[in-house]
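Me: I would like to learn how to read a structure. Please take me through it.

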Amino acid sequence: MSHCVFRIAAAPLRGLCATLALLLVGGVHAAEPAWTPTKAVEVVVGVGPGGSMDRTARMLRDALAAEGLVPAETTVANKPGGGHAVAFAHTLRQAGNPHVIQVVNSPVVTNKLLGRSPIDYTQFTPLAVLFDEQFLFAVKSDSPIRDARDLFERVRQDPASVSFSVSSGVGTLNHIAAVQLAQAAGADIQRLKTVSFGSAAEGVTATLGGHVDVAITTPFSLVPFAEAGRLRLIAVAAGKRLPGAQLEGVPTWRELGADVEIRGWRVVVGPPDLTPEQVRFWEEAIRRVTLTPQWQAELERNHLTDRYGGSEAARQLFDSDAARLHALYTALGRLGN
Amino acid sequence: MDVYAQMLQGFATVLQPIYLWYTLLGCLLGTVIGVLPGLGPAAGIALLLPITFGMDPTGALIMLAGIYYGAMYGGSTTSILINTPGESAAVMTTLDGYQMARRGRAGAALAVSAIGSFIAGTISVLLLSLFAVPFSEFALHVGPAEFFTLLLFSMCSVAALTGKSLARGLFSMLLGLVIATVGIDLQSGMPRFTGGHVELLDGIPFLIAAVGLFALAEVFVNLEAHLRGRSEVLGISGPLWLTREEWRRSVWPILRGTGIGFVKGLLPGGGATIATVLSYSLERSLSKAPERFGKGAIEGVAGPEAANNAAVGGNLVPLLTLGLPSGSTTAILLGAFVMFGIQPGPMLMQQHPELVWSVIHSMYVGNLALLVLNLPLIFIFVRLLYIPTGLMLPGIVVIAGIGIYSINGSVFDLYLVLAFGLLGYAFRKFQVPTAPLVLAMVLGDPLEQSLRQGLTISGGSPAIFVASPIGQVFTALSVGILVLSFVLHQRRVWRGALA
C-alpha cells in the first residue's frame, strides 16, 4: 500500500517538516495527513508481559509498525499494578502528548464505579474500539448440569445450588454475567455463589476438579478443554453465536430468553488534550490495521469479534457501559461512591 | 509416532548446539536473576520475555525454563552469604545457611545447596517425563478447601519454628498476616488498607518486604557494628568443601525435600515456598538434635534447597499436561507459549510433542550445566565474605535498589523497601525473628482466599474442609503439630522450673 488514506487537511506549519520526513521514510506520497507521529510511540498497557491485554498491545504495536504507520522503534510499555491504575495514571500525566496510546478494557470504567481509583474514563481521549472478547459458560463434561436451560432452571429454583467460578473478583465481566443470569431467572442475586479466583486458569482448574460447578470465562481459556472433551460449553453471553467448530453449536442466552450479554471490549485511548487532527490520525491508523488479513486471522485464532469503531464509538461505548454497570452495581450494593 | 520415539526426538533436538546454547544462556541468566535480591524467577522471566520474541519457540521456551530453574539455584547464594533471600523460596535457606556462613561453613552450605539442587532437579525432571499425566489428574483433586488445609498446615509449621520466644514469633507472624491483607481483596473486589495509594492496590510484593527486612536490615546492623568498631569478617574455617559428616547428614534431607517439593509443585496455587517450609519443619522434627536448627544445621539448608528445585519439575506438570499454571512463574511461562502461537491446554502434548519433550529434556542438560557452573562459583562467592564492610554495605544497597526498581520502575517501591529495612532493624534489636513475617506474607493471602472460596462453595459450612481425605489428613497434621509444639514448650518450661 503506497497511497495515503488520510484526509487532506490544512497542516499546521510546526508539524510540516517532520511530516515530510516521515512521508519519505514511509513511502506515502499522495497527500500529507494533518498529523503523523514524529517519533517512537509508547503503547501503554496496565499488565505485565504475557497476559491477554499485553498480547493485544503487542498485536497492535506490530500491526501499526508493519503498516509503517508508526516508527519501527515504537515499544509496548508494561505498567502493571493497581488493576491498571498505575498505567492509567502514567497516561494521564502525558496530557497533550500524542505519542502515547494505551490499550484498555473494562477497568477503565469499573475502577471508578467500584471506588478503587479516582481516575475516570472521561479523563482520557477515546481513540478507537478494537474488538470484543466474548464470555462462555462451561461445565465439567460429567456435570449433572445438562445444558443452559437446566442451569437456568437450577438457578431459578435455588441460586445457592450452583457455584460459579469468576476470575479476579466482584464487578468483573464474568461476575456480571452470573448476576445477569440470576436476574433473568428472577433469583435472589445476593444468594448467588460466585467464587473469585486470581485468574481464569485457576477457575478452570477448580471446575475441572469438580470443586466449582460452572466456569464463566473467555473462549480462549475454555475451547482447548472442550476440544479435549473435558469441559462442555453450554452457553455464550453474546448477542449472536460465535463461529468455529467448538463454538457454533453453543446457544446464546438470548435464544433461551435470558437477558445475559456482556462484551469484553478492548479500546485504545490517549492522554487528555489531544488535537482533533491527532485523534483523526489514530482513528484512521487503527482502522487501517484492523482491516489487514493478518489482524483478522489473529482475531479468528483467538476467538475475538471484530468491532472497529472510531473515537465517537469508543466514547459511546464507555458511556453506555458506565450507565449499565452503575445500575448493576447499585442492585448488588457494591457501589464505591 | 509413539511416545518413546517422541521422547527420543526431544533428546536429539536439545543436543543440537543452538539449543545447548539457549539452555546454557537461560541457566546463566537464571543464576544471575536468582542471585540478585529483588528479582525472583517470575519478575525475571517477565522482564526478559520481550527479548525472546522473534526467536524460535523451542529455543525461547528452553531458555525461559532455564531461567526458572536457574533462579532456584541462584536464590540460595545470597541467602547464605548475606542473609538475603534472592527469591521467596530461599527464605528458609537464610535460617541455617547464614548461620553456617557465620560459623565459617559458607563453602559447605553453597556446595550442599548446589548438589541438593542438582539431585532434586534431576529427579523431578525424571518424574515429570515418566509420570506427568497421572500426576496431573491427582493435582485436580486439590480444590480451594483442600488447599486451605494444606496452607493451614504450612502456617502451623511456621508458627512451630518461631524460635526461643513464642510471643515474639507469633507477633512477627501476625504482622505478616496483616501485611498480606493490604490491597484489593479478591473476593469482595474492595481495596483494603491501601491509604489511597494506587501502588498498594496489588498488595505489598513479597520481594520488597524480603529485601528490606533481610538485606537492608543486615546493612543497618553491620553499619552499626562497623561504627562501633565491632564488625567481623566472616571468612572460611575448615575445608571449603563438604566434610564426610556433613555429606552424610545431607543425603536424606535432599531426598525427602525432593519428594515434598515435587508433590507440592503439582498442586495449584503458591510456588515453591510452601515446599521449603514443609521440608524444613520435617527435617527439624525428624532430627535427633532439633536445637541445632537455626544455628547452622546443614539439614536445614539441604532439605529446602532440594525442595525448591524439585518444585520446578512439579510445577511444570499441570502446565505441560493441562495448560494450567500452578504459580506466578508458570503463569508467565504460559503467556510465553501463547505469544509464540502455541495454545497451551490438555492437547499440548499431542499437538506439539517435539516442543514439550525438548523443553523437558533440556532440563536434564540444564541441571547438569548449573551444577558445573555453580560449584566453581563457590570459590568466587566465598571471596565476597572478605570484601571490606565499607564496600560491601553500599554494594548491597545498590544491588538491592536496582533489583527492586527494575520490577515496576517505581520509586514508591524504593520507599517501601526502606521502611521494611527500618522495621527489620528494629526486629533485630528486639530479637524478633523475621522469617515468620515474610512466610506469613507469602502464605497469608492464599490462606485467606482459599478459606473464603471454600466457604462460598459450601454455603458457609466449615465441614467442607474435612470432607475429603486430603483435607482430613492436613487438618489432623495441623492439630498434631500445634499440640506437639505446645507439649515441647511446656516441657522446656517445666525443666527450666526444676533446674
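Me: How many of the residues of β3(A) are buried?

Reply: A residue is buried if 20 or more other C-beta atoms lie within 10 Å of its own, exposed if 12 or fewer, and partly exposed in between, with C-beta atoms placed from the backbone. In β3(A), five of its five residues are buried, and the strand is mostly covered. This is a predicted model, in which local features need pLDDT of at least 70 and side-chain atom pairs count only at pLDDT 80 or more, while totals for chains, interfaces and linings use all residues. Residues are numbered from 1 along each chain as its sequence is written, and chains are lettered from A and ligands numbered from 1 in the order in which they are written.

Me: Which residues of β3(A) point one way, and which the other way?

Reply: Val100(A), Gln102(A) and Val104(A) point one way, and Ile101(A) and Val103(A) the other. The names of strands and helices come from DSSP runs, numbered from the N terminus: helices are H or I with at least four residues, strands are E with at least two.

Me: Which strands does β3(A) pair with?

Reply: Strands of a sheet pair through backbone hydrogen bonds, either parallel or antiparallel. Two strands count as paired if DSSP finds at least two bridges between them. Strand β1 (residues 42-45) of chain A runs parallel to β3 (residues 100-104) of chain A, and three bridges join them. Here Val43(A) has Ile101(A) as its bridge partner, and Val44(A) stands opposite Gln102(A). With β10(A), β3(A) pairs in the antiparallel sense, over three bridges. Val104(A) stands opposite Val267(A) of β10(A).

Me: What is the order of the strands in the open sheet?

Reply: The order is β2-β1-β3-β10-β4-β11 (chain A), six strands with mixed pairing. β2 (75-78) and β11 (304-309) of chain A each have a single partner strand, so one side of each is left without a neighbour in the sheet. On average, neighbouring strands of this sheet are turned by 25° against each other, direction ignored. Such angles run from 0 to 180 degrees between N-to-C directions, and axes are lines fitted to C-alpha atoms, for helices over the stretch in contact.

Me: Which helix lies across β1, β2, β3, β4 and β10 of chain A?

Reply: That is α2 (residues 52-66) of chain A, running at about 165° to β1(A).

Me: Is Gln94(A) buried, exposed or partly exposed, and what is it in contact with?

Reply: Gln94(A) lies in the loop between α3 and β3 of chain A. It counts as partly exposed because it has 18 C-beta neighbours inside 10 Å. Two residues are in contact if their C-beta atoms, placed from the backbone, lie within 7 Å. Leaving aside neighbours within four places in sequence, Gln94(A) is in contact with Val100(A) and Pro271(A). Its C-alpha atom is 9.3 Å from that of Asp273(A), 179 residues apart along the chain.
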